[in-house]
There are 2 protein chains.
Amino acid sequence: MRIEAGLTLECGQSLGPIDIAYCAHGTLNPARDNAILVCHALTGDQYVAAPHPLTGKPGWWSRMVGPGLPIDTDRFFVLCTNVLGGCMGSTGPRSIGPKGEPWGTEFPPITIRDMVRAQALLLDHFGIDRLFAAIGGSMGGMQVLEWVATYPERVFAAMPIATAPYHSAQNIAFNEVSRQAIFADPEWHGGRYWAHDTVPARGLAVARMMAHITYLSEEALAAKFGRRVRREARAAAGSSTGGALGTASLFGEMFEVESYLRHQGSSFVRRFDANSYLTITRALDYFDLSAAFDGDFAAPFRGVKTRFCVVSLSSDWLFPTSASRSLVRALNRAGVNVSFVEIETDRGHDAFLLDEPDLDRTMRGFLNGAAEQAGLNRGDSEPGDSGDSA
Amino acid sequence: MRIEAGLTLECGQSLGPIDIAYCAHGTLNPARDNAILVCHALTGDQYVAAPHPLTGKPGWWSRMVGPGLPIDTDRFFVLCTNVLGGCMGSTGPRSIGPKGEPWGTEFPPITIRDMVRAQALLLDHFGIDRLFAAIGGSMGGMQVLEWVATYPERVFAAMPIATAPYHSAQNIAFNEVSRQAIFADPEWHGGRYWAHDTVPARGLAVARMMAHITYLSEEALAAKFGRRVRREARAAAGSSTGGALGTASLFGEMFEVESYLRHQGSSFVRRFDANSYLTITRALDYFDLSAAFDGDFAAPFRGVKTRFCVVSLSSDWLFPTSASRSLVRALNRAGVNVSFVEIETDRGHDAFLLDEPDLDRTMRGFLNGAAEQAGLNRGDSEPGDSGDSA
């Protein structure tokens, strides 16, 4: 959707008109109060429950969002937008800028709040005054938090998953290394790779590979690969290396984990733009809800009526449970209605995208309870009945 | 030192003659039983207690090794060798190979055991039948373990610090990303960068930056940098970003942690060879003491008389305490004399190189006790008295 008026960004620069690409599932009821905004993570997009047009793969949360699923599109109207700064149709570094060529590195710096304000413009377009719920994991969870902090009246229920109210020093450091990997690629061309009909594929793949390690727990990596050596490398055996030596060359793919990471890296570069990666990682790094409040994470939530369910994943070391606990403490200090669930899983940060029945149950339970409180439970097939909840 | 006979490597290839560069401190007593081998980590070298010839910085463990220090050179004869495959004088990828040019990527794959067997040749040269102690952290600790597994009669006491009896899937994955970062550098030239009078500095810096994050705990990163924004970026303020926006460009150094990592990366490339980095990370990845024993980590230590003190660091997530505990359990199963100390520190893996009084005390206590058991305590100033301990 094109928003002609555009948006004045936090950095002060005006951007506009802007495009906000989105997918919608389910039906918006006449009261327009059954909308759920699902927010995507760093490398996600709007294809939450529909096949991805470039990869043909199912939507990234197709096991969560759909008819009869925990985020039930028979009941709820589910919106998912490509974030501002992204590369799947929303305005971002790949869009044509004022010079008649792609913005590239001259695309203005974007914040999580800018992403949220762009989403709010889309809701205005739909006439949705208040979201029934905002839900998201990782960077999606940051958007959920920023939604409540920026538009407290516009979010009835919020579920931030595997996230934190600020980006940690370690997370910033990992992002910085991934940016440096992109800059180091000979095909980077100062960000004008499009003019050279190329992409910094190797640098972007290295960035993705490193990030991917941080998305998995040691348990998940070990369970998936352990020290298993690829069959072709196994032919001959060195006595102390379990067969890792022998015919395998020094630079071949010795361990299965390496092969997997290389695949992850190379499949990623086919669908993602390097300048978007830079823009969005910067947005993550800027994120600190307490910055305007002298380090007080409770301040942005004082007086907020939104019902929260904060979810963490026990083996997530990128956004550890301790970060979620500190968020819960801040919400408690602010007097906000909050419940907290730590999902027991050994699959690390990425577990929120995987088959975790406990997360499904938590999602169903929270949305059912919140729908009752919102007066949404009188059957969406009789939309006339829901007029009193507006 | 040149060893004319060379060495047949685990991969089956013969390498020779080989050079083993080393530093020695203290005096070898006439009984030749007061020698301590200190083993260096991935990017360390033989300059354990002497200034580094390229950087001018003090030795990497100069706070631990010296007169009156925990590894007391008034008492012990301390040897530290540059590992086989290294780039500070020992035979490695930068050495001239059979084609009359540097080996580069054609340098044969090296294992931790190969490194240890090269060190054993140096001990033979000194006429040292048995080390009083083998000590090392991280990859140095792997060498300590391999010493005992390969030459159980030649090590009286062993202190592996912040290490593991195998390289984990996560560690292999991080190493693979660092290798890919080097390969992605336009100055890599298939490993023949020396022929182009260049080095893959950016790729190597990215590798080092990533590794450096894994050496620090989140606490250490946060304490060192937190989210502090560099002064020049602080000039103007964006409301939700604590001043991170404003004058700072999207690709400038926004947070202090980034500036630090960039410095770490660039100072490293001045002293380290990319092909050595590849060779040594591969050696780490191959390491698995149980490989020849069907996954049994106790097997290599059965019947071993060496006294062990296993040391872990509480906030080390690269070689976590759980890895040391599993080593201790294996040593217990093998009936080996082992004590275990977890040093409480919030500084992560790198803490073993830093001022940690608890580590100093542990080192002194263990070496004192072992020296007594070895009959080394009758005053090294009267070497004639120590004849009975041979």
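**Entry 1: α1 against α2 in chain B**

I started with a helix pair in chain B of this predicted model. Helix α1 (residues 112-126) of chain B packs on helix α2 (residues 139-150) of chain B at an angle of about 70 degrees. Their axes lie 9 Å apart. That angle makes α1(B) roughly perpendicular to α2(B), because 65 to 115 degrees is the range for that label. I noted the hand of the crossing as right-handed for α1(B) and α2(B).

Next I listed who touches whom. From α1(B) I have B:Ile112, B:Arg113, B:Met115, B:Val116, B:Gln119, B:Ala120 and B:Leu123. From α2(B) I have B:Met139, B:Met142, B:Gln143, B:Glu146, B:Trp147 and B:Thr150. I sorted the residues of this contact of α1(B) with α2(B) by class: eight nonpolar, three polar and two charged.

**Entry 2: α1(B) by itself**

I checked the length of α1(B). The helix has 15 residues and reaches 22 Å from its first C-alpha to its last. At 1.5 Å a residue, 21 Å is expected, so the value is close.

Which residues of α1(B) are buried? I found B:Ile112, B:Asp114, B:Met115, B:Val116, B:Ala118, B:Gln119, B:Ala120, B:Leu122, B:Leu123 and B:Phe126. I also looked at what follows the helix. Just after α1(B), B:Gly127 takes a positive phi of about 70 degrees.

**Entry 3: α4 in chain B**

I ran the length check on helix α4 (residues 201-215) of chain B. Its 15 residues should span 21 Å at 1.5 Å a residue, and the end C-alpha atoms are 21 Å apart, which agrees. I then looked at burial. In α4(B), 13 of the 15 residues are buried, so the helix is largely enclosed by the rest of the structure.

**Entry 4: chain A overall**

I moved to chain A. I counted nine helices and 13 strands there. Of the 390 residues in chain A, 62% are buried. I also looked at contacts in chain A with a separation of 6 or more: residues 24 or more positions apart account for 71% of them.

I took helix α3 (residues 169-183) of chain A and checked its span. Burial came next. In α3(A), 15 of the 15 residues are buried, so the helix is largely enclosed by the rest of the structure.

How do α3(A) and α4(A) pack? I get an angle of about 160 degrees, with the axes 7 Å apart. The two helices are therefore roughly antiparallel to each other, since that label applies over 145 degrees. The crossing of α3(A) and α4(A) is right-handed.

I wrote down the contact residues. A:Phe174, A:Val177, A:Ser178, A:Ala181 and A:Ile182 in α3(A) meet A:Gly203, A:Leu204, A:Val206, A:Ala207, A:Met210 and A:Thr214 in α4(A). By class, the contact of α3(A) with α4(A) has eight nonpolar residues, three polar and no charged.

**Entry 5: A:Leu204**

I picked one residue from that contact. A:Leu204 sits in helix α4 (residues 201-215) of chain A. Is A:Leu204 buried or exposed? Its relative accessible area is 3%, so I call A:Leu204 buried, as the cut-off is under 20%.

I then searched for its contacts, leaving aside neighbours within four places in sequence. A:Leu204 touches A:Ile182, A:Phe268, A:Val269, A:Phe272, A:Asp273, A:Ala274 and A:Tyr277. A:Tyr277 is 73 residues from A:Leu204 along the chain, yet their C-alpha atoms are separated by 8.3 Å.

Definitions and conventions
Residues are numbered from 1 along each chain as its sequence is written. Chains are lettered from A and ligands numbered from 1 in the order in which they are written. This is a predicted model: local features need pLDDT of at least 70, side-chain atom pairs count only at pLDDT 80 or more; totals for chains, interfaces and linings use all residues. Side-chain values use heavy atoms; hydrogens and water are left out. Buried means under 20% relative accessible area, exposed over 50%, partly exposed in between (1.4 Å probe, protein chains only). Helices (H or I, at least four residues) and strands (E, at least two) are DSSP runs, numbered from the N terminus. Axes are lines fitted to C-alpha atoms, for helices over the stretch in contact, and angles run from 0 to 180 degrees between N-to-C directions. Angles under 35 degrees count as roughly parallel, over 145 as roughly antiparallel, 65 to 115 as roughly perpendicular and the rest as oblique. A crossing is left-handed if the near helix is turned anticlockwise from the far one by less than a right angle, and right-handed if clockwise. Contact means heavy atoms within 4.5 Å. Ala, Val, Leu, Ile, Met, Phe, Trp, Tyr, Cys and Pro count as nonpolar, Asp, Glu, Lys and Arg as charged, and the others, Gly among them, as polar.
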